[in-house]
Amino acid sequence: MQDNFRKSKELEVAIKAALEAGKILEKYFETDILKELKEDKSIVTLVDNESEEIIKKIILEAFPVHSFFGEETGMTGNESEYIWRVDPIDGTKNFANGVPLFAISIALVYQNKVIVAVVHNPATRSIFYAELGKGAYLNDKRIFVSKDDAAHSIISGGKSRRDEDRKLCRDLMHDLQEIFKGLTVRDFGAIALDLAYVARGGLEATVQVGLNSYDFAAGTLLVEEAGGKITALDGSPWKFPDNYFLASNGVFHDAL
Ligand code: IPD
Ligand code: CA
Ligand code: CA
């Protein structure tokens, strides 16, 4: 099987941006990082901003007519049908606490379809990437979702900071554990990685409740290109950027 393909310029540039931002994250990881509270009470550090700055610079230098939406700087240019959706550190709380579960998440969206995705965790030297219709890869090797059923599975949950989303996620996780006895529930605190792990076959499913499109844009393409399934929570069709969904290996998706 083909282990690699001819990458588009967009993917090459996204990988380059992720690697450069990754160097910044590596430099600061496990150092004393000053944490600040954003308006929504989530944590941000200087590293989030530095990471977004370098990603934005690399992407907009290569594609000056594209739009760029980053978590920390919002929208730059809004005329283009090509929009980059970027989370410069997904899992900032983990990152700032020296827990190596965090990632840079970069997606290119065209007419509400994710066409290029990169999720990079410099702490584990993992670069996940995908292009629409071309498969999903980890460090240049093709990846696929697992074939495990509920009896041996891990499911994770990601939710926004809103009370109703936290409650919904907690209730769903509780109920699923009651129904599927073999199911292990995890909260990794970095939803781009949850989705990348489903794509790589490390997790069987993840439930995402009320997050922002830059959190999950790249991860959803990884799951789909690795052979996984994504639907709305009630099983109806999902489309980007709907932000309540179940992503899984497909094996027991309907039962979930
Ligand atoms: C957070 C992570 C986490 C989720 C939070 C997000 P951030 O992103 O994805 O898994 O539970 O709601 O805000 O703030 O570290 O980019
Ligand atoms: Ca995030
Ligand atoms: Ca972030």
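**Entry 1: spacing of the calcium donors**

I looked up the donor residues of the calcium ion (ligand 2) in this predicted model and found them spaced D-x2-D-x124-D in sequence. I identified these donors as D87, D90 and D215, each coordinating through OD, at 2.1 to 2.3 Å.

**Entry 2: the neighbouring ion**

I checked the calcium ion (ligand 3) next. It lies 3.8 Å from the calcium ion (ligand 2). D87 coordinates both ions.

**Entry 3: helices α1 and α2**

I turned to the packing of two helices. Two packed helices are described by the angle between their axes and the distance between the axes. For helix α1 (residues 9-28) and helix α2 (residues 46-62), I noted an angle of about 155° and axes 9 Å apart. Because angles over 145 degrees count as roughly antiparallel, I recorded α1 as roughly antiparallel to α2. The crossing of these two helices is right-handed.

I then listed the residues that make the contact. On α1 they include V13, A17, I24 and L25; on α2 they include V47, I54, I55 and I58. Charged residues also take part, among them K9, K16 and E20 of α1 and E50 of α2. By class, I recorded 12 nonpolar, 1 polar and 5 charged residues in the contact of α1 with α2.

Technical notes:
Residues are numbered from 1 along each chain as its sequence is written. Chains are lettered from A and ligands numbered from 1 in the order in which they are written. This is a predicted model: local features need pLDDT of at least 70, side-chain atom pairs count only at pLDDT 80 or more; totals for chains, interfaces and linings use all residues. Side-chain values use heavy atoms; hydrogens and water are left out. Axes are lines fitted to C-alpha atoms, for helices over the stretch in contact, and angles run from 0 to 180 degrees between N-to-C directions. Helices (H or I, at least four residues) and strands (E, at least two) are DSSP runs, numbered from the N terminus. Angles under 35 degrees count as roughly parallel, over 145 as roughly antiparallel, 65 to 115 as roughly perpendicular and the rest as oblique. A crossing is left-handed if the near helix is turned anticlockwise from the far one by less than a right angle, and right-handed if clockwise. Contact means heavy atoms within 4.5 Å. Donors are N, O and S atoms within 2.8 Å of the metal (3.2 Å for Na, K and Ca); water is not among the atoms, so sites may look incomplete.
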